[in-house]
Amino acid sequence: MLGIYTRISKDRDNQVSTEVQKELGVKLAKKLKVAYQLYEEAKGTSGGKSIEERPQLQKLEDDIYDD
């Protein structure tokens, strides 16, 4: 399985939107012929926050350790 984690902290000119992140991840999963799970963090979630403050990243990590 492929975990697709999307996050955007602020709107910036050079930043890839979460929609594009998701599309690219799904495209890769289809190319690899593997199942995928989306982990979409809320807009404005800073990458500098701890994992406990980023619930989707925490869920992704938990899923990895739970197989």
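Colleague: Which residues of helix α1 are buried?

Modeller: Lys 22, Gly 25, Val 26 and Ala 29. Buried means a relative accessible area under 20%; exposed means over 50%, and partly exposed lies in between (1.4 Å probe, protein chains only). This is a predicted model, in which local features need pLDDT of at least 70, side-chain atom pairs count only at pLDDT 80 or more, and totals for chains, interfaces and linings use all residues.

Colleague: What span is expected for α1, and what does it reach?

Modeller: The expected span is 1.5 Å times one less than the number of residues. For α1 that gives 21 Å, and the helix reaches 21 Å from its first C-alpha to its last.

Colleague: How do you know that the buried residues line one face of α1?

Modeller: Look down the helix axis. The buried residues of α1 fall within an arc of 95 degrees, so they line one face. The arc is taken from the directions that run from the helix axis to the C-beta atoms. The face turned away from the buried side carries the exposed residues Glu 23, Leu 24, Lys 27 and Lys 31.

Colleague: What covers the buried residues of α1?

Modeller: The cover includes β1 (2-6) and β2 (36-40).

Colleague: Why is Leu 24 called exposed?

Modeller: Its relative accessible area is 52%. Leu 24 sits in α1, residues 18-32.

Colleague: What makes Val 16, Val 20 and Leu 24 a patch?

Modeller: Patch residues must have over 30% relative accessible area and no salt bridge; like charges are joined within 9 Å, and nonpolar side chains (Val, Leu, Ile, Met, Phe, Trp, Tyr) within 5 Å. These three form a nonpolar patch on the surface, with about 240 Å² of accessible area together. Accessible areas come from the Shrake-Rupley method with a 1.4 Å probe; for residues, only the protein chains shown count as cover.

Colleague: Why do you call Glu 19 and Lys 22 a salt bridge?

Modeller: The rule asks for a side-chain nitrogen of Lys or Arg within 4 Å of a carboxyl oxygen of Asp or Glu. Here the N to O distance is 3.4 Å, so the pair qualifies. Glu 19 and Lys 22 are 3 residues apart in α1, about one helical turn. Glu 19, at 43% relative accessible area, is partly exposed.

Colleague: What other salt bridge does Lys 22 make?

Modeller: One with Glu 40, also at 3.4 Å, N to O. This pair links distant parts of the chain: Lys 22 is in helix α1 and Glu 40 in strand β2, 18 residues apart. At 39% relative accessibility, Glu 40 is partly exposed.

Colleague: Which salt bridge does Asp 63 form?

Modeller: Asp 63 pairs with Lys 59, with the closest N and O atoms 3.3 Å apart. They are 4 residues apart in helix α2 (residues 55-65), about one helical turn. Asp 63 has 25% relative accessibility and Lys 59 has 38%. Both values lie between the two cut-offs, so both count as partly exposed. Shared partners join Glu 19, Lys 22 and Glu 40 into one network. The structure holds 3 salt bridges.

Colleague: Where does Lys 33 lie, and what is its phi?

Modeller: Lys 33 lies in the loop between α1 and β2. Its phi is near 60 degrees, a positive value in a residue other than glycine. Lys 33 counts as exposed, because its relative accessibility is 77%.

Colleague: Which residues does Gln 56 contact?

Modeller: Contact means heavy atoms within 4.5 Å. Leaving aside neighbours within four places in sequence, Gln 56 touches Tyr 5, Leu 38, Tyr 39, Glu 40 and Glu 41. Gln 56 lies in α2. Its relative accessible area is 23%, so it is partly exposed.

Technical notes: Residues are numbered from 1 along each chain as its sequence is written. Side-chain values use heavy atoms; hydrogens and water are left out. Helices (H or I, at least four residues) and strands (E, at least two) are DSSP runs, numbered from the N terminus.
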